[in-house]
Amino acid sequence: MSTTTTSIGGGGEDRVLATAQQIVKSLNTPKEVRQDMLSIFSSFDNRLSNITDMINKAEEEDKSSSQSRFDAAEKVIFRWEVSCTESSRHSVPCWEDSPDEAAEFLAAVDDILLLVENLAITSDTDMMDRAESTIQLAMARLEEEFRHILIRNTVPLDAERLYGSIRRVSLSFAANDGEIDEDFESFGEVDDESGRFHERGASLGDDVCVDLIQADSVVELKDIADRMIRSGYEKECVQVYSNVRRDALDECLAIIGVEKLSIEEVQRVEWKSLDEKMKKWIQAVKIAVMGLLTGEKRLCEQIFSGSESAREVCFNKTAKGCVIDLLNFGEAVAIGKRSSEKLFRMLDMYDALEDVLPDLQAMVTDEFLCNEAKGVLTSLGEAAIGTFVEFENAVKNESSRKPMLGGEIHPITRYVMNYLKLLVDYSDTLNTLLESDGGEQDLYQNDDGNKLQQESMSPFACRLLSLISLLESNLKEKSRLYEDGAMQYIFLMNNILYVVQKVKDSELGKLLGDHWVRKHRGQIRQHATSYLRASWSKALSCLKDEGIGGSSSNASKVALKERFKNFNANFEEIYRNQTAWRVPDPQLREELRISISEKVLPAYRSFMGRFGSQLESVRHSGKYIKYTPEDLESYLLDLFEGSPGVLHHLRRKSS
């Protein structure tokens with residue numbers, strides 16, 4: 001191939017040489033490759049024959065410049081290392097107190113990295129060895145400073161401010177400190193003065209932003225992280241960050257009351273203490289995810305903005321310990337011993353975890369951690385439904401044989417209805433859990449024994465119907481503990497009315513419907529009619545005309561004496577007994593007295609009007625006609641007060 005010579009104007013040769021030189025230099029190729037390329041260029045144009053000497057000269061100049069830059073940078077790094085070593089002997093921090101020197105150190109690191117990246121010193125083995133050693137030394141220093149800045153600038157958690165953003169809902173319920181008593185005797189009406197309430201799961205306010213690190217230090221941390229990642233020390237940087245921040249999050253959990261307990265330790269905790277730990281856990285889950293982890297995610301994005309992989313790994317490693325500690329407690333509660341009081345806390349825990357799970361999944365890319373969280377949520381839901389089923393069985397099988405004094409409201413009635421009244425607040429959650437449970441549920445049966453279809457009712461409403469039906473069946477069995485038939489009906493009226501009032505005056509009424517309320521009010525009226533028949537029929541039979549013999553003018557005085565005597569005895573027995581009975585509801589008590597008066601007083605007044613005059617001439621007539629209708633009316637006002645009464649007449653006689 002012949003060499004071509006092209007004639008160009010003055011200065012053309014310089015431009016050609018400069019262009020060729022720039023091409024070769026910009027390729028950053030090894031020396032051997034450059035020599036080959038120069039040979040090829042010179043074969044095209046004889047003006048390029050001396051380009052080798054020119055480029056070699058330029059390379060020598062660049063090498064000298066690179067050497068000088070490297071030496072200066074290396075000197076800064078070594079000087080800083082010596083300075084910090086001497087300062088450490090006197091416990092003097094050497095980075096944040098010397099911002100200018102710190103900036104100089106970072107600039108020195110940048111210079112060395114740039115020289116390596118531009119292949120300016122790669123051809124010199126000794127220089128490369130020195131560069132690697134210097135970078136290693138610099139990274140060790142940056143790693144240490146990174147740790148110290150993280151630790152020194154961690155912001156203590158302001159628990160009071162976080163708790164101030166928590167809105168609490170207290171629901172009245174006389175919760176017991178132990179398990180369900182066999183006789184339900186330890187559970188009664190809500191006592192406002194006792195201060196015993198179930199505190200509904202708290203919700204966080206909108207402003208739960210948490211500053212985890214002093215804002216001024218974030219820039220310094222980012223500067224260090226960028227250099228470490230650029231130098232190939234991403235793993236070391238991530239490890240330091242995750243270790244420090246994991247300890248910081250552990251401390252935050254301790255501040256908001258979360259203890260590190262094993263599953264075995266949780267299951268050994270007494271209920272009163274466990275209840276407090278469950279309440280703290282509910283708050284902690286919300287604070288941890290919505291406050292701490294959200295803030296941690298934001299911090300990772302700021303510090304590791306230059307590396308997506310570092311951001312992801314850092315956050316996952318940092319969050320894992322905090323989340324696992326919370327999940328372990330939730331799992332321990334879910335597999336622990338079940339009792340009725342735990343149901344509300346379990347539902348609160350379920351709701352809290354369900355609320356934050358979408359945010360947790362959006363932040364955490366660790367599939368294992370997300371699956372663990374979903375698994376604990378499922379376990380809590382299953383435990384809640386299992387506890388509810390056990391409560392149903394407890395109501396069904398409660399078999400105390402001690403009748404309530406005076407036909408009073410049974411503790412099981414008070415307990416169950418207050419329990420259900422509170423449980424309604426969890427209707428949405430329970431409907432979801434019951435739908436997913438898929439278990440068969442017996443339909444509620446009416447008095448005719450026909451199954452009432454509840455197609456339009458929610459799963460929870462159907463279970464409420466079933467559970468109250470179980471309670472009614474249990475109460476009916478308990479009524480048979482009373483030998484006095486009339487007292488059986490007083491007991492049933494008291495208890496069914498209590499059930500109806502609790503349904504009517506709460507959200508239970510919306511779930512069970514007006515038809516249910518009307519039906520049960522009808523039952524109370526039926527029991528009232530049965531009470532009158534069982535209690536007063538014998539006394540009223542004494543006031544009938546049959547068996548007296550003849551008309552009112554010639555009735556047998558012997559028969560009349562016997563009738564009045566028997567009526568008095570029956571009335572006095574009823575008075576003695578039923579003044580000790582108790583009807584706590586004033587309206588029901590008044591309605592019963594009115595019903596009795598409407599049955600007894602007209603019959604007594606009519607009987608007195610027809611036959612009373614025939615005994616006026618009888619010796620000791622007061623023995624037979626003891627009471628006027630007005631006396632009876634007055635005495636009836638003493639019934640159902642819960643205090644055994646003594647008739648005034650009898651008191652006068654005994655005195």
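Tutor: A search of the whole structure finds 28 salt bridges, a salt bridge being a side-chain nitrogen of Lys or Arg within 4 Å of a carboxyl oxygen of Asp or Glu. The model is predicted, so local features need pLDDT of at least 70 and side-chain atom pairs count only at pLDDT 80 or more, while totals for chains, interfaces and linings use all residues. Residues are numbered from 1 along each chain as its sequence is written, and side-chain values use heavy atoms, with hydrogens and water left out.

One of the bridges joins Arg230 to Asp110, with the closest N and O atoms 3.4 Å apart. This pair links distant parts of the chain, 120 residues apart: Arg230 is in helix α7 (residues 215-230) and Asp110 in helix α4 (residues 99-117). Helices here are DSSP runs (H or I, at least four residues), numbered from the N terminus. Arg230 is partly exposed at 38% relative accessibility; buried means under 20% relative accessible area, exposed over 50%, and partly exposed in between (1.4 Å probe, protein chains only). Asp110 and Arg230 also belong to a network of salt bridges with Asp223 and Arg227.

A second example, between Glu143 and Arg147, has an N to O distance of 3.8 Å. Both residues lie in helix α5 (residues 125-152), 4 residues apart, about one turn of the helix. Glu143 is partly exposed at 22%, and Arg147 is partly exposed at 26%.

Arg414 and Glu408 form a further salt bridge, at 3.8 Å from N to O. Here Arg414 is buried at 17% relative accessibility, and Glu408 is buried at 14%.

Note on methods:
Helix = DSSP H or I, 4+ residues; strand = E, 2+ residues; numbered from the N terminus.
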